[in-house]
Amino acid sequence: MTQPRNLGAFADNLNTSGQVSLTTGVSGTLPVGNGGTGSTSLSCVTAGKATNIAGGSAGVIPFQTGSGATSFTAAGTSGQYLKSAGTGTPVWACVSGSTANSQTFTSSGTWTKPAGVTFVRVCVWGGGGGGGGANRRTCSFMAGGAGGGGGARVTQTFLAACLPSTVNVTIGSGGSGGAGTCRTFCGTSGTAGGNSYFGPSIAGSYVKAYGGGGGHGGVGTNCPYSGGGGGGSAGPGCCGGGSNASGGLPYSRYFGYGNCSNTINNIGGGGGASRATCTTVGNAEWGGGGGAPIRGNQGISVGGSSIFGGAGGGAGGSFCCNTPRCGGAGGAVGSYLQGGGGAGGVASSSGNGGSGTAGTQSKNNSGSGGGGGGATKCNHSGGNGGAGGSYGGGGGGGGASHSSGSSGYYGGAGGNGGTGAIIVMSW
């Protein structure tokens, strides 16, 4: 049996509790199997899983301030996120609001460029033309007023850095509808819609859109007269008169031909034409639709439509062959089919003619055309034309009155054209 040696020396290393001091009197290595490292000395210790971190407080986040050095952030507030500061202390921050901005102008003013935006999109509508007023007279034929042309729509996108900090905004008003008259040769014609532009002047503007032409007043003759031509991106629509009112420029077969046929619709910025000798009226894409013409004894005349611009107004009902006729519907937005806008007023043989329905503002913001007023006879007044929808719709024409009374009865008044507008979106 091996006898223990140096028990006295070992006993000297015991403390009063009988525990061995590991700092003195112990040599050799503790095997790994017994919980040691197998080393005679330790230079570092690699941590496994930490269950607690000393220091800090509720809500703080630990981070490294340098090699082998850890610190803590201050506690943030509810809803904040932790934002890197590079090699510095992370900071708590709030989510910033979007820089997107939209401003709508329905009257002239000044646009101020928002801070922090990169792009600016400007959408401009010209004003719609007013519908023609009708006359009251005792004739075998009395025509209602023609419809006003729609205003054009033009859209342009810019780098924000290319625009100044402020830009003048000018809004074209809707054209006035012609007044109803009594015992004259013809009613009062509507006036053209105003031009809208984003910039110091229409010649020096960044974006511009032209207004539609006014509709011709109703006449006491079977001769046809045109409605107002639709506005274009480079020129206004002509006011009605004679057999033709061309649509606004550009004027070409491919970029806005001022036609009045279903087979060729206007493309690009050109406005629809109004030709009294055609059975249909010119449509448009970005230009305004043509106003409905006075077509003599050929029946109801409806306004031209536009895909994106304002639509033309419908013509007022005529009196022909001892029969008063209903007014024509205004043109629609988002369509190449004539009509579909404000409804025409009903005709009457024993009372005032019905007024045309006002056009409305469509989902793409452009205005549809107002309906024409209905005609009447037997000492009553013709129906008034409906107003064009806001953002460039053309006004409807007034309905004719076939009355022999000396006073108190008039042809219907034309509807006012819809006002122009400018929307500026930036982000």
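The chain has 1 helix and 21 strands; helices (H or I, at least four residues) and strands (E, at least two) are DSSP runs, numbered from the N terminus. Keep in mind that this is a predicted model, where local features need pLDDT of at least 70 and side-chain atom pairs count only at pLDDT 80 or more, while totals for chains, interfaces and linings use all residues. Residues are numbered from 1 along each chain as its sequence is written, and side-chain values use heavy atoms, with hydrogens and water left out.

**How confident is the model?**

- The mean pLDDT of the chain is 85, and 81% of the residues reach 70 or more; pLDDT is the predictor's confidence in each residue, from 0 to 100.

**Aromatic pairs**

- Rings of Phe, Tyr and Trp (its six-membered ring) pair if their centres lie within 6.5 Å; planes under 30 degrees apart are stacked, over 60 edge-to-face, and the rest tilted.
- That rule gives 6 aromatic pairs.
- Take Trp125 and Tyr391: their ring centres are 4.9 Å apart and their planes sit at 55°, so this pair is tilted.
- Trp125 is in strand 7 (residues 119–125) and Tyr391 is in the loop between strand 19 (376–377) and strand 20 (401–402), so the pair ties together parts 266 residues apart in sequence.
- Trp125 counts as buried because its relative accessibility is 1%, and Tyr391 counts as buried because its value is 7%.
- Phe158 and Tyr206 make an edge-to-face pair, with 6.1 Å from centre to centre and 85° between the planes.
- This pair also links distant parts of the chain, since Phe158 belongs to strand 10 (residues 153–159) and Tyr206 to the loop between strand 13 (196–198) and strand 14 (207–209), 48 residues apart.
- Phe158 is buried at 15% relative accessibility, whereas Tyr206 is partly exposed at 35%.
- Ring pairs join Trp111, Phe158, Phe198 and Tyr206 into a cluster.

**Nonpolar cores**

- A nonpolar core is a set of buried Ala, Val, Leu, Ile, Met, Phe, Trp, Tyr and Cys residues joined through side-chain atoms within 4.5 Å.
- The largest one has 19 residues, and Trp111, Val122, Phe198, Ile422 and Val424 touch the most other members.
- Two or more residues each come from strand 7, strand 10, strand 11 (166–170), strand 14 and strand 21 (421–426).
- Strand 7 gives the largest share, 3 residues.
- Another core, of 7 residues, lies apart from that one and includes Phe141, Ala146, Tyr225 and Ile294.

- Strand 1 (residues 62–66) and strand 2 (residues 69–72) run antiparallel and are joined by 4 bridges; strands pair if DSSP finds at least two bridges between them.

**Cysteines**

- The whole structure has 0 disulfides, a disulfide being a pair of cysteine sulfur atoms within 2.5 Å.
- Cys162 is exposed at 55% relative accessibility, while Cys326 is partly exposed at 33%.

How values were computed. Buried < 20%, exposed > 50% of the residue type's maximum accessible area, 1.4 Å probe, protein only.
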